Amino acid sequence: MTFTNLWRPARVAFAPADDPAGDPPATPPAGDPPPATPPATPPATPPAGDPPAEPPKGAGKWWEKDGRFSTDEQTWLASRGLQDENIDTVIDKLVKGHRNAEMRLGRGVENILDRPAKDQKLTDWMRGQKDIFGLPEKVEDIVIERPKELPAGVEWSADFEAKAKQAAFDLGLNKDQLKGVVDLQIAMAAEQEQAAQATIDQANATMMAALDKEWGAQKQAMIAQAKQAAQVVGEAAGLDQAGIAAVTQVLTEKAGGDAAALKFFAKLGDLVAEDKLVGGGVTRGQTPAEARAEAAAMRAPGGAYDKATRAGDQREIARLKPIMDRLDRIASGARE
């Protein structure tokens, strides 16, 4: 290097006026390959079935903070247009939406029942809501109020009461429903009783008409004979006068009379009169004089009643006493 070269002034180069960007970039040396392009590898797909990741706590907006709402809940909020950062707007929508829902349902959402599960018995589902349906906890808690008065001919059945309680529990019937069933059963029993009584009354009327035709002018005598026969059989059976009266009250042609009983006891009276029954003691149409004679014979020494009283045979006395009373009534002129 010479001294002259050290003092040679430097030349300044300016970019052309129409190329403000300056010199173009240097062309890379020929032969250098371009930089490699990274392969387009898609992101790995998460395994099927994995639940979406829960939002991180403390992140972002109010519905994302502190993990307050799950991903599903956040999705629901978005679907209902509730992901609004203005919380007052959200509250307004929620209040109005909830109130409109209750108005359409006619009740609060807390009073809405779940539907029965698949294959669940209706009674089992109702028992799960027993407070709402008024169902008892157990059969013993069921009470059936007996009617103060039952229709004529209808009697209360303790067996029916027990079975009705069990059926009500099994079928999920509440108190009012069970009462309806019981009232229906009583009404049906009354109808059946009335129908049966009507059939009996019709049959009795038909038979009574037949007796009128059969007995004719002897009808009253045959009725008296039937009553005397009932008295004899009743005394032999050891019935008291109340028991005998219960039998003889149907031996009439008036209302309440039983034509079949009339015919039966009238025929029995024939057998008594013909001494075909053991323990006779009356004859058809026994007169007061005959009754007095028979009573006197029984009380006379050696008579049946005399022997029983002398021996103190209380059983025989009890058997003969109604007979003696009847003979005394006939002897006094009283009608049997």
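Which residues are buried in helix H12 (residues 304–311)? They are Tyr305, Asp306 and Ala308, where buried means under 20% relative accessible area, exposed over 50% and partly exposed in between, with a 1.4 Å probe and protein chains only.

Before going further, a word on the model. This is a predicted model, in which local features need pLDDT of at least 70 and side-chain atom pairs count only at pLDDT 80 or more, while totals for chains, interfaces and linings use all residues. Residues are numbered from 1 along each chain as its sequence is written, and side-chain values use heavy atoms, with hydrogens and water left out.

**The chain as a whole**

The chain holds 13 helices and zero strands; helices (H or I, at least four residues) and strands (E, at least two) are DSSP runs, numbered from the N terminus. Of its 336 residues, 23% are buried.

Gly312 follows H12 and has a positive phi, near 65°.

**Nonpolar cores**

A nonpolar core is a set of buried Ala, Val, Leu, Ile, Met, Phe, Trp, Tyr and Cys residues joined through side-chain atoms within 4.5 Å. Here are two of them, side by side.

| Core | Size | Residues, among them |
|---|---|---|
| Largest core | 15 residues | Leu211, Trp215, Ala226, Leu251, Leu262, Phe265 |
| Second, separate core | twelve residues | Ala291, Ile317, Ile330, Ala331 |

In the largest core, helix H7 (175–215), helix H8 (219–236) and helix H10 (259–273) each supply at least two residues. H10 gives the largest share, six residues. Leaving aside neighbours within four places in sequence, Leu262 is in contact with residues including Met208, Leu211, Trp215 and Ile223, contact meaning heavy atoms within 4.5 Å.

**A patch on the surface**

Ile87, Ile91 and Val95 form a nonpolar patch on the surface, with about 260 Å² of accessible area together. Ile91 belongs to helix H3 (residues 87–105) and is partly exposed, with a relative accessible area of 46%. Patches are made of residues with over 30% relative accessible area and no salt bridge, like charges being joined within 9 Å and nonpolar side chains (Val, Leu, Ile, Met, Phe, Trp, Tyr) within 5 Å; a salt bridge is a side-chain nitrogen of Lys or Arg within 4 Å of a carboxyl oxygen of Asp or Glu.

Terms used. Accessible areas come from the Shrake-Rupley method with a 1.4 Å probe; for residues, only the protein chains shown count as cover.
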